[in-house]
Amino acid sequence: MNNEFNLIDEKWIPVLTCTGEVPRVGIKDALLKAHDIRDIAASNPMDRIAVLRFLLAVLYWCKGNPSEKDKQVAAFPVDWFAKLEEHRECFNLLGEGRRFYQ
C-alpha cells in the first residue's frame, strides 16, 4: 500500500483550461501552467476561493513579493519553485514525516 499523496504532483486541483478541458493538476502544474488555466473548476465557489488563496500563498512562499520585472512575465519560470522541491516532504498528505502546518 502506497502511503504517499504529495500535493505538489498529485492531480487534485480541478481546473478549466483556456481550451475548454477540465483536467486535475497538482500545485506545481497549477502554478507553472497558470497562463493556460482559465479558472479553478470546483463546483462550490468557496472551494474556488480557498484553492486560489492557497495557490497564491504557495506562490508568495516560493517567490516572495514580485518585482515590477517579475510582474511582466508571461509564465512563471520553473526556478521560482525550487523551494517546493526543497520542502517536498512537507506536502505529503499521508504517511510518516514532517507536514506543512501539522
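User: Which side chain does N92 make a polar contact with?
Analyst: With the side chain of N6, in a polar contact of 2.8 Å. The term covers N or O atoms within 3.5 Å, where within protein one must be able to donate a hydrogen and the other to accept it, and residues adjacent in sequence count only if both atoms are side-chain atoms. Before we go on, this is a predicted model: local features need pLDDT of at least 70, side-chain atom pairs count only at pLDDT 80 or more, and totals for chains, interfaces and linings use all residues. Residues are numbered from 1 along each chain as its sequence is written, and side-chain values use heavy atoms, with hydrogens and water left out.

User: Where is N92 found, and is N92 buried or exposed?
Analyst: N92 is found in the segment after α3 (82–86). Helices here are DSSP runs of H or I with at least four residues, strands are runs of E with at least two, and both are numbered from the N terminus. N92 is buried because its relative accessible area is 12%; buried means under 20%, exposed over 50%, and partly exposed in between, with a 1.4 Å probe and protein chains only.

User: What lines the largest pocket?
Analyst: There are 13 lining residues, with A30, L31, A34, L52 and L55 nearest the centre. The elements giving two or more residues to that lining are α1 (27–32), β3 (37–40) and α2 (45–63). By class, the lining has 11 nonpolar residues, no polar ones and 2 charged. Nonpolar covers Ala, Val, Leu, Ile, Met, Phe, Trp, Tyr, Cys and Pro, charged covers Asp, Glu, Lys and Arg, and the others, Gly among them, are polar.

User: While we're on α2, what about I49?
Analyst: I49 is in helix α2 and counts as partly exposed because its relative accessibility is 44%. I49 and W12 are 37 residues apart in sequence and 15 Å apart in space, C-alpha to C-alpha.

User: And K63?
Analyst: K63 also lies in helix α2, and its relative accessible area of 31% makes it partly exposed.

User: New topic: how many aromatic pairs are there?
Analyst: The count is 4. Rings of Phe, Tyr and Trp (its six-membered ring) pair if their centres lie within 6.5 Å; planes under 30 degrees apart are stacked, over 60 edge-to-face, and the rest tilted. One of the pairs is F76 with F81, edge-to-face at 6.3 Å centre to centre and 70° between the planes. Ring pairs also link F76, W80 and F81 into a cluster.

User: How accessible are F76 and F81?
Analyst: F76 is partly exposed at 25%, while F81 is buried at 1%.

User: How many disulfides does the search find?
Analyst: It finds 0 in the whole structure; a disulfide would need a pair of cysteine sulfur atoms within 2.5 Å.

Methods
On a 1 Å grid over the protein atoms alone, a cavity is a set of points where a 1.4 Å probe fits but cannot get out, and a pocket is an open set with protein on both sides within 12 Å along at least five of seven lines; lining residues have an atom within 4 Å of a point.
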